[in-house]
Structures are given as C-alpha cells and as structure tokens.
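Hi,

Here is the structure I promised to pass on. Have a look at it first, and then read on for what turned up in it.

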Amino acid sequence: MPKRLSFEAIERYREQGFYFPVRVMTAADATATRQKLEAAEAALSDKLKGAFRHKPHLLFTWLDAIVRRPAILDAVQDLIGPNLLCWSSLFFNKAPQSKTYVSWHQDATYWGLSSPDVVTAWVALSPSTVEAGAMRVVPGTHAREQIPHRETFAPDNMLTRGQEVAVEVDETQAVDIVLQPGEMSLHHVKLVHGSPPNRSADRRIGFAVRYIPPHVRQLVGRDSALLVRGVDEYGHFDLERSPRADLDDDALALHEAVAEQHARILYAGTGRQDAKTF
Ligand code: NI
C-alpha cells in the first residue's frame, strides 16, 4: 500500500511527470517557517540569496526538519522507494514585481545523475499563484529523451547556466502549479518546466528539495547527500551530517565544502562559478 499518495495519484505522476497539490504542513507552520527564513535573511544580509541559497538544510535545523518531514518523505517514497537521500535543496524566491524567472528546462540536463529516479518536492511557503509566477509544467515531457538545451547565462534567469530547451515548447499544453502555503508539488527530473516573473505584491517563496534512491550515481565527480530515510547499501555518495544548531561551526564547514563540490558538478565545463543572487 502507498504511504501517502493514492494509486491514482501515483499513476498520474507516472503518466504526466508531476502531481500536486499535496499538503505537507499547515498554513500556520508554513508562515512560521517563512518567518524563520526572513529572520535569517535579515540577520545574514544577502547570504541566503547567494552562497546559502544552495543546500541550506545543511545549515539550519528548521530546514533539515523540512527535508526529513514524514509528510513529504511518505509521498516521495511512494514514487521512488523506501530508501531516500536528499541530494539537494534550493530556494526559488522571487521578490514582488521582479523580473526573475525560470526558463523552460529539464532538471536532468546538468545534474550529472545516472538515473531519472529523481523527484523534486517543491514546498510553497507563500501563495504560489499564476500572478506570483507559479511554476508551469508541460505534462508528459518527462517520458521524452533528454532534450538539447542552450546556455544563455541570462542575469534574471534563476538557473545556474540560464539553460533553456533548444526546441519550441507548446505552451498551450502547460499546466500552472498553483499552491497554497504548506502545499507541495512533486515533479520528475526530466519534466519540462519553468516559471514567469512575479507580478504580485508579495514575495513568492518556494523551497525545492531533490530526492534520489541510493542506487543513483553521480557521473561527473564525487558528490554527497543526506540519508533521510531507510538505508544506503550502495555508498555512491558521501553521507552528509545534519546541523546540530543553526549555523554551527561544523555545519558551516561542511556546507562550504559541499557547495564547492556541487558547483564543480553543476558548472562542469563552463569555467564559471555560481555568482547569482536571488
Ligand atoms: Ni527545475
């Protein structure tokens, strides 16, 4: 029996490459998490928009708690099995009335992972509405082969390389992933998706968490991940540690090393490093 999703939901994910909405915390919990994020942003100036935007669950106990949250893991387990590594996490935050966007892309393109058994849990911490620039997906595209991408490095593009699919996307087929605070969507690593700018008066805050089963390999270089459920009988990834306290010395040192390693993978062959701040 599935732990969280219905058989119909699992079937829909397999056919279409995504499923939403799944409530993973109360609206009040989402608001409390947003307040913790905004307090951390205020205390750290822009670090959470720069160096700390990537894998912040290794730095903050309240984000570690989200990537381990049973309501999320139960649904992810229904899609990729009972042994789960958290490979990465990233904030996709858009300021009110800003130009920031995400071009049409497949996540698999530059992640270096050996298998398409990769699920993103995208957790809304503010209303992710059409006006606020909610994610859009093209159903069924996860079943296609890897599509060629071009690298634009466009400054307002939130993706590492500003990568976009190098073919026409049929936008008439796209579905808006509208989420209320505390709801998540699930999407497949090959699903074509993107998101337009935020035209609303509020920030659009989303926390994207990437999960893999331990049989997946990193093909580009040595990589690390956090075991969040079950066992890892493969050892393909160096296992990370959760922070003992927010921004404790060990957590900061681990995060710095891990971020450097990930940048080498995500920017392989470009001669660039992450200079983006969102
Ligand atoms: Ni993506």
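Before you start, a term you'll need: a polar contact is a pair of N or O atoms within 3.5 Å, and within protein one of them must be able to donate a hydrogen and the other to accept it. Also keep in mind that this is a predicted model.

**The chain as a whole**

The chain's secondary structure comes to five helices and 13 strands. Its C-alpha atoms fill a box of roughly 50 × 45 × 45 Å along the principal axes. A compact globule of 278 residues would have a radius of gyration near 19 Å, and the chain has 17 Å, so the two agree. As for burial, 56% of the 278 residues count as buried. Among contacts with a separation of 6 or more, 83% are between residues 24 or more positions apart.

**The nickel ion**

Which residues hold the nickel ion? His105 (NE2), Asp107 (OD) and His193 (NE2) coordinate it, at 2.0 to 2.1 Å. Along the chain, these donors follow the spacing H-x1-D-x85-H.

Trp104 is part of strand β3. With a relative accessible area of 15%, which is under the 20% cut-off, Trp104 counts as buried. Trp104 and Ser195 are 91 residues apart in sequence, yet their C-alpha atoms are 7.6 Å apart in space.

Ser115 lies in the loop between β3 and β4. Its relative accessibility is 13%, so Ser115 is buried too. A polar atom of the Ser115 side chain lies 2.9 Å from the backbone nitrogen of Asp117. Beyond its neighbours within four places in sequence, Ser115 is in contact with His215 and Val216.

**Helix α2**

Helix α2 (residues 27-43) has 17 residues, which at 1.5 Å a residue should span 24 Å; its end C-alpha atoms are 24 Å apart, so that agrees. Its buried residues are Ala30, Thr33, Arg34, Leu37, Ala40 and Glu41. They cover an arc of only 125° around the axis, which puts them on the same side of α2. An α-helix has 3.6 residues a turn, so residues three or four places apart point the same way. On the other side of α2, Ala28, Gln35, Ala42 and Ala43 are exposed. The cover over the buried residues of α2 includes α3 (61-67), β2, β4 and β11 (204-212). After α2 comes Ser45, with a positive phi near 45°.

**Helix α5**

Where does a side chain reach back to the backbone at the start of α5? There, a side-chain oxygen of Asp248 comes to within 3.0 Å of the backbone nitrogen of Asp250. The 18 residues of α5 (residues 249-266) should span 26 Å at 1.5 Å a residue, and the end C-alpha atoms are 26 Å apart, so this helix agrees as well. Among its buried residues are Leu254, His255, Val258 and His262. What covers the buried residues of α5 includes β2 (84-94), β12 (224-229) and β13 (238-239).

Best wishes

Definitions and conventions: Residues numbered from 1 in each chain as written. Predicted model: local features only at pLDDT ≥ 70, side-chain atom pairs only at ≥ 80, totals over all residues. Heavy atoms only, no water. Helix = DSSP H or I, 4+ residues; strand = E, 2+ residues; numbered from the N terminus. Expected span 1.5 Å × (residues − 1). Buried < 20%, exposed > 50% of the residue type's maximum accessible area, 1.4 Å probe, protein only. Contact = heavy atoms within 4.5 Å. Donors = N, O, S within 2.8 Å, 3.2 Å for Na, K, Ca; no water. Arc of directions from axis to C-beta. Rg over C-alpha atoms; globule rule 2.2 N^0.38 Å.
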